[in-house]
Amino acid sequence: MSAKNDYQVITESEQLAEICRRFSASPFVSIDTEFIRETTFWARLCLIQMADPEVAVIVDPLAEGLDLAPFFELMRNEKVTKVFHAARQDVEIFVKLDGAVPQPLFDTQLAAMVCGYGDQISYDQLVYRVTGVRIDKSSRFTDWQRRPLSQKQLDYAVSDVTHLCDVYRFLKANLEEQKRSDWVAEELAVLNDVETYRTHPENAWKRLKMRVRKPRQLAVMQKVAAWREKEAQSRDVPRQRVLKDEAIYEIALQQPRNAEQMARLRALPRGFERSHSAQALIAAVEEALAVPDDELPSIPKPRPAPEHASASAELLKVLLKMVSEEHGVASRLVATVDELEKIAADDHADVPAMKGWRRQLFGERALALKRGEMALLLGNGRVRAVQVDDMQAAAE
């Protein structure tokens, strides 16, 4: 199917209901969105693109009077697979609007990593490698909420789902051939969990750098970060527009309890101390200062690595690279650098690399390497793993 001209732009509820009935009979539908969020907390949905191998449409959610209920009904239809590339942001929008994750879901970026196409490959690169088609990305950062949209914008938008159909079928066949469909299903658990897309103000402090050294300071940082998160959500503005990160750090350290003390903070704009927000922040500080000493949060402390752990981690990096190349899977999907360091320090590290298919592929070999049961040899420009017992037997 051509990515251009062979598509319909939907602006009326009746049209949307009809096309969703059409897609409900398809085994899968590819989906993408265009949105903006530079000036808001929540992403503003500007377009929805959908396609199956025969039909492509663009839905304009900003069209006056358009009822998106048929679309969300399609998203909940478990007989139709919903195909995304890098699904997280798109699904986050749908969860905010409908409260549910589209089911069942397939992410071609994740599947491409399992099939050996590198770490987090972009959509246009994946389309080119699978189909040989180059996509014009020049319209990517245009203003999607401005109407009318240009023909170039519409053509670009629909290309994000027409080629996705071909990519999905190719990757699905590849996964089945390599018997790795279960790997992808395991990875999709996070994307399928509705909690992945929900923001909890009490956890907002985890987005910040740990610039405090005392439990009381951390308590203040937690309360202030939670206030900012609630305020940003309720006003639908970016977090930094409510309060800069630097201001949170300074408030945590200085702990102002009145407007005069608030006025002395360099990270706050002049006159901020007279605002309603300043009073709310002072209340958050007071709440943190009222926490009993025995209930204060603990400062996260990095566990000291045992001797030689750094060298072990470097050796595990070589093993990871070898295993990833051998099995044609993105190394970052198998294990991260942080996970390698934890495995180097602890045989029982609670990390994804030591669970499920990753443990079978890499984890068991990592432990064997640490125990001295396996060695890495370099020859003819390639690294290979050999069992130490086999080496000793050959030597005898």
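Reader: What kind of model is it, and how is it numbered?

Author: It's a predicted model, where local features need pLDDT of at least 70, side-chain atom pairs count only at pLDDT 80 or more, and totals for chains, interfaces and linings use all residues. Residues are numbered from 1 along each chain as its sequence is written, and side-chain values use heavy atoms, with hydrogens and water left out.

Reader: Back to 214–295. How much helix and strand is in that span?

Author: That span is 66% helix and 0% strand, with helices (H or I, at least four residues) and strands (E, at least two) taken as DSSP runs numbered from the N terminus.

Reader: Zoom out for me. How many helices and strands does the protein chain have?

Author: The protein chain comes to 17 helices and 8 strands. Its C-alpha trace spans about 85 × 60 × 35 Å along the principal axes.

Reader: And how is the protein chain divided into domains?

Author: There's domain 1 (7–197), domain 2 (201–290) and domain 3 (308–394), with bounds from an automatic or database domain assignment. Between the C-alpha centres of domain 2 and domain 3 you have 44 Å.

Reader: What percentage of the residues is buried?

Author: Of the 396 residues in the protein chain, 47% are buried, meaning under 20% relative accessible area; exposed is over 50% and partly exposed is in between (1.4 Å probe, protein chains only).

Reader: Which residues of the largest nonpolar core touch the most other members?

Author: Leu-16, Met-50, Val-59, Phe-71, Leu-319, Ile-343 and Phe-362 do, in a core of 95 residues. H6 gives the largest share of this core, 11 residues. Domain 1 and domain 3 each contribute at least three residues to this core. A nonpolar core here is a set of buried Ala, Val, Leu, Ile, Met, Phe, Trp, Tyr and Cys residues joined through side-chain atoms within 4.5 Å.

Reader: OK, pockets. Which residues lie nearest the centre of the largest pocket?

Author: His-85, Ala-86, Ala-87, Gln-89 and Gln-109, out of 45 lining residues. On a 1 Å grid over the protein atoms alone, a pocket is an open set of points where a 1.4 Å probe fits, with protein on both sides within 12 Å along at least five of seven lines, and lining residues have an atom within 4 Å of a point.

Reader: Which element gives the largest share of that lining?

Author: E2, with 6 residues. The elements that each supply at least two lining residues include strand E2 (28–36), helix H3 (88–98) and helix H6 (151–178). Domain 1 and domain 3 each put at least three residues into the lining.

Reader: You mentioned Ala-86. What's its phi?

Author: Ala-86 has a positive phi of about 55°, although it isn't a glycine. Most residues other than glycine have a negative phi, and most peptide bonds are trans. Ala-86 sits in the loop between strand E5 (81–84) and H3, and it counts as partly exposed because its relative accessible area is 32%. Gln-255 also has a positive phi, about 50°, and its loop runs between helix H10 (245–254) and helix H11 (259–263).

Reader: Where are the cis peptide bonds?

Author: One joins Gln-103 and Pro-104, with omega about -15°; Pro-104 is in the loop between H3 and strand E6 (105–107). Another runs from Arg-147 to Pro-148, with omega near 0°, and Pro-148 lies in the loop between H5 and H6.

Reader: Last one: is Val-220 buried or exposed?

Author: Val-220 counts as buried because its relative accessibility is 0%. This valine is in helix H8 (residues 215–235), and its C-alpha is 8.3 Å from that of Leu-253, 33 residues away in sequence.

Reader: And Leu-126, buried or exposed?

Author: Leu-126 is also at 0% relative accessibility, so it counts as buried. Leu-126 belongs to helix H5, and its C-alpha is 9.8 Å from that of His-163, 37 residues apart in sequence.
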